[in-house]
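Welcome, and thanks for taking a look at this one with me.

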Amino acid sequence: MWSNGSSHPFLLTGFPGLEAAHHWISLFFLFIYMSVLFGNGTLLLLIKEDHNLHEPMYFFLSMLAATDLGLTLTTMPTVLGVLWLDYREIGSAACFSQAYFIHSLSFVESGILLAMAYDRFIAICNPLRYTSILTTTRIVKIGLGVLIRGFVSVVPPIMPLYFFLYCHSHVLSHAFCLHQDVIKLACADTSFNQLYPVVLVVFIFVLDSLIIFISYVLILKTVLSIASREERAKALNTCVSHICCVLVFYVAVIGLSLIHRFGKQVSHIVHLIMSYVYFLFPPLMNPIIYSVKTKQIKNGILHLFTTHRIGT
């Protein structure tokens, strides 16, 4: 049946063959989602309330936490709707909007990780000018630049989805909408929509990760030139949390990319699991990493909850 993209709903899919266990699976996802909301919400509250954390490093961390919350809240309603309530239908406009925010926020997260690498580079390689370089105004400009890059760059491939005709099945392969999933159902020339995302991934994910790698090579070179062993360890320790977050994010990106590119014979369930790992593992792990590895965050959280307990 032929239908215009703006008039026909799509059907979301949970875990094929495991429909009987969807209610139990939904409990697991509910726990993960609640953990993500609690962890990132706590980070935002802590950075807002603790004036000791009003520094560039933590402002960027608050941007990362807000992005993770946004990404989580974008996928949570449909995933839990499919698994818990067996509500699979989604309007085309809602589907395309969800795809837009999912892809935009993914690029925003990459940009924030790049900005955090820049912060660590300045702090270690040019510490005397750290506060004069990373002023509040410059931090705001960096944040706005990351947001604009993420949200504007995804507009070109999403807009055509509203005008394509869809003559194939309207069943999507995930419990949320992705551009690459929707485009498979279109009966139109999708050459631009096939090529543009590849170029976008190269210019954002690949370029960001390359610049982050180069920045850490320069950081390591600077650290190794420090005479004091204790100072070297202290300098590197300030980078550990960010390095862990970068690895968590880009390993998930690479894993998902490899599965989609070379995993044609791999079970569809594996594809689904990798997509959930990509969208849920970094938002779940980021607050845990910073809470465990960053002394100021750890102490701030203990103080926050101790104060709250005493107050009640």
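Throughout, contact means heavy atoms within 4.5 Å of each other. This is a predicted model, so local features need pLDDT of at least 70 and side-chain atom pairs count only at pLDDT 80 or more, while totals for chains, interfaces and linings use all residues. Residues are numbered from 1 along each chain as its sequence is written, and side-chain values use heavy atoms, with hydrogens and water left out. Helices (H or I, at least four residues) and strands (E, at least two) are DSSP runs, numbered from the N terminus.

**Helix 2 against helix 3**

- Helix 2 covers residues 56-85 and helix 3 covers residues 92-125; their axes come within 9 Å and cross at roughly 165°. Axes here are lines fitted to C-alpha atoms, for helices over the stretch in contact, and angles run from 0 to 180 degrees between N-to-C directions.
- The two helices, helix 2 and helix 3, are therefore roughly antiparallel. For angles, under 35 degrees counts as roughly parallel, over 145 as roughly antiparallel, 65 to 115 as roughly perpendicular and the rest as oblique.
- The crossing of helix 2 and helix 3 is left-handed, a label used if the near helix is turned anticlockwise from the far one by less than a right angle, with right-handed if clockwise.
- The residues of this contact between helix 2 and helix 3 comprise 15 nonpolar, 7 polar and 4 charged. In this scheme Ala, Val, Leu, Ile, Met, Phe, Trp, Tyr, Cys and Pro count as nonpolar, Asp, Glu, Lys and Arg as charged, and the others, Gly among them, as polar.

**A closer look at T67**

- T67 sits in helix 2 and is buried, at a relative accessible area of 6%. Buried means under 20% relative accessible area, exposed over 50%, and partly exposed in between (1.4 Å probe, protein chains only).
- Which residues is T67 in contact with, leaving aside its neighbours within four places in sequence? They are L105, V108, E109 and I112.

**Helix 2 against helix 5**

- The axes of helix 2 and helix 5 (residues 136-153) come within 11 Å and cross at roughly 25°, which makes the pair roughly parallel.
- Here helix 2 passes helix 5 in a right-handed crossing.
- From helix 2, P56, F59, F60 and M63 meet I139, I142 and G143 of helix 5. That contact between helix 2 and helix 5 has 6 nonpolar residues, 1 polar and no charged ones.

- C95 is in helix 3 and C177 in the loop between strand 4 (165-166) and helix 7 (179-183), so the pair links distant parts of the chain, 82 residues apart.
- C167 is joined to C187, S to S 1.4 Å, and this link is also left-handed, with -80° about the S-S bond.
- Both C95 and C177 are buried, and C167 and C187 are buried as well.
- With the bonded cysteines numbered in sequence order, the pairing reads 1-3, 2-4.
- C239 is in no disulfide, and the nearest cysteine sulfur, that of C125, is 8.8 Å away. C239 is buried, with a relative accessible area of 1%.

Definitions and conventions: A disulfide is a pair of cysteine sulfur atoms within 2.5 Å.
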